[in-house]
Every structure is written in C-alpha cells, then in structure tokens.
Amino acid sequence: MDKQHIAGESPFESVYGFSRAVRVGKTIYVSGTGAIGRDGKVAHPGDAYAQTIDVFKKIETVLKEAGASLADVVRTRVFCSEIRDFEAITRAHGELFGAIRPAATLVEVSGFVLPEMLVEIEVDAEIS
C-alpha cells in the first residue's frame, strides 16, 4: 500500500526525520504537533487555550492536504505539561470536536523540549 508523507511547517521535521502526517490508504496519522512556527518559536506562551486552537489549525491544514477534515478524526491524544490547564485545553477541544466526538486521551507529561510549549497533540483520522 502506498504511503503519502505530508510535511508541516515545523523546522524540526527534517532535523528529527519525521513527517507531520502520514496517509496509508484511508487512514491518516498526525504526529505530535505543538504551537511552533516556522521560526521554531512557540506561539502564545502561557496560554494553553490559544496553543490548543493553534495546534488544531495546523492539524486541520495537514488533514486537508491528505484529503480529510477534522470531521474525519477518530482519535485525539493530548499531552499537556500542566494538568491545571485541563479546562482550557478541553474547552478548545470541545469547541472543535463537540459534534464529532472522537475517542480522546489527555495526559500530563513532565515537559517538552521547548519549555514554552504547554500542549502537544496527535490525531488519527479515517477518511469516510
């Protein structure tokens, strides 16, 4: 089966050797995505809600390139550095996925490579 590799805007993709997303058949796997710009800097420092929205916009862009949309997302995995940001993160998630209702996980991690990052998100999508 053919694999389609989809690049994002993170400067770390070529350095670390990964794709923002990979499509295999009708399934799309989106790598852990943070609110990182082309310049390698974290957007919205200190604002978990804004970072979450930013991340989902990036994910939506790569899903479109792969022939899908947020409506095709079947699973989200959210990693946060501070569990106290739970409400802000889940509010953003709910605004985007309230009607879609994918399987979802949210866990606290000890930190990210870039300390300003508050959230990193992976999704899996299945094109209907």
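Colleague: With which side chain does the side chain of Glu13 make a polar contact?

Modeller: In this predicted model, Glu13 is found in helix α1, and, leaving aside neighbours within four places in sequence, Glu13 is in contact with Ala7, Gly8, Phe18 and Arg20. The side chain of Glu13 makes a polar contact, at 3.4 Å, with the side chain of Arg20.

Colleague: Is Glu13 buried or exposed?

Modeller: Buried means a relative accessible area under 20%. The value for Glu13 is 6%, and therefore Glu13 counts as buried.

Colleague: Which residues that line the largest pocket are the closest to its centre?

Modeller: The largest pocket holds about 480 Å³ of space. Its lining is made up of 24 residues, and the closest to the centre are Ser10, Arg20, Gly32, Gly34 and Ile36.

Colleague: Which element gives the most to the lining of the largest pocket?

Modeller: At least two lining residues come from each of α1 (12–16), β3 and α2. With four residues, the element that gives the most to this lining is α2.

Colleague: How many residues in the lining of the largest pocket are charged?

Modeller: Sorted by class, the lining has ten nonpolar residues and seven polar ones. The charged residues in this lining number seven.

Colleague: How far apart are the end C-alpha atoms of helix α2?

Modeller: Helix α2 runs over residues 48–65, and its 18 residues, at 1.5 Å a residue, should span 26 Å. The model agrees with this expectation, because the end C-alpha atoms of α2 are separated by 26 Å.

Colleague: Against which elements do the buried residues of α2 pack?

Modeller: The buried residues of α2 include Ala50, Ile53, Phe56, Ile59 and Leu63, and Gln51, Asp54 and Lys58 are also among them. The buried residues of this helix pack against β1 (3–6), β2 (21–24), β3 (27–33), β4 (73–80), α3 (86–97) and β6 (119–126).

Colleague: What is the separation in space, C-alpha to C-alpha, of Lys3 and Val24?

Modeller: Lys3 has its place in strand β1, and, not counting residues up to four places away in sequence, Lys3 touches Val22, Arg23 and Val24. Lys3 counts as exposed because its relative accessibility is 56%. Although Lys3 and Val24 are 21 residues apart in sequence, their C-alpha atoms are separated in space by 4.9 Å.

Colleague: Is Asp124 buried or exposed?

Modeller: Asp124 is found in strand β6. Leaving aside neighbours within four places in sequence, Asp124 is in contact with Ile28, Tyr29, Asp72, Val73, Val74, Arg75 and Arg77. Its relative accessible area is 14%, and so Asp124 is buried.

Colleague: By what distance are the C-alpha atoms of Ala103 and Pro115 separated?

Modeller: Ala103 is found in strand β5 (residues 103–108), where it is partly exposed, with a relative accessible area of 38%. Leaving aside neighbours within four places in sequence, Ala103 is in contact with Val74, Arg75 and Thr76. Pro115 lies twelve residues from Ala103 along the chain, and the C-alpha atoms of these two residues are separated by 28 Å.

Colleague: What is the separation of the C-alpha atoms of Arg91 and Gly67?

Modeller: Arg91 is found in helix α3 and counts as partly exposed, at 45% relative accessibility. Arg91 and Gly67 are 24 residues apart along the chain, and their C-alpha atoms are separated by 27 Å.

Colleague: Where is His44, a residue other than glycine with a positive phi, placed?

Modeller: The phi of His44 is near 55°, and at 36% relative accessibility this residue counts as partly exposed. The place of His44 is in the loop between β3 and α2.

Colleague: What is the phi of Arg101?

Modeller: Arg101 lies in the loop between α3 and β5, where it is exposed, with a relative accessible area of 69%. Arg101 is a residue other than glycine with a positive phi, whose value is near 55°.

Conventions:
Residues are numbered from 1 along each chain as its sequence is written. This is a predicted model: local features need pLDDT of at least 70, side-chain atom pairs count only at pLDDT 80 or more; totals for chains, interfaces and linings use all residues. Side-chain values use heavy atoms; hydrogens and water are left out. The expected span of a helix is 1.5 Å times one less than its number of residues. Buried means under 20% relative accessible area, exposed over 50%, partly exposed in between (1.4 Å probe, protein chains only). Contact means heavy atoms within 4.5 Å. On a 1 Å grid over the protein atoms alone, a cavity is a set of points where a 1.4 Å probe fits but cannot get out, and a pocket is an open set with protein on both sides within 12 Å along at least five of seven lines; lining residues have an atom within 4 Å of a point. Grid points are joined across faces, edges and corners, and a volume is the space filled by probe spheres set on the points. Ala, Val, Leu, Ile, Met, Phe, Trp, Tyr, Cys and Pro count as nonpolar, Asp, Glu, Lys and Arg as charged, and the others, Gly among them, as polar. A polar contact is a pair of N or O atoms within 3.5 Å; within protein, one must be able to donate a hydrogen and the other to accept it, and residues adjacent in sequence count only if both atoms are side-chain atoms.
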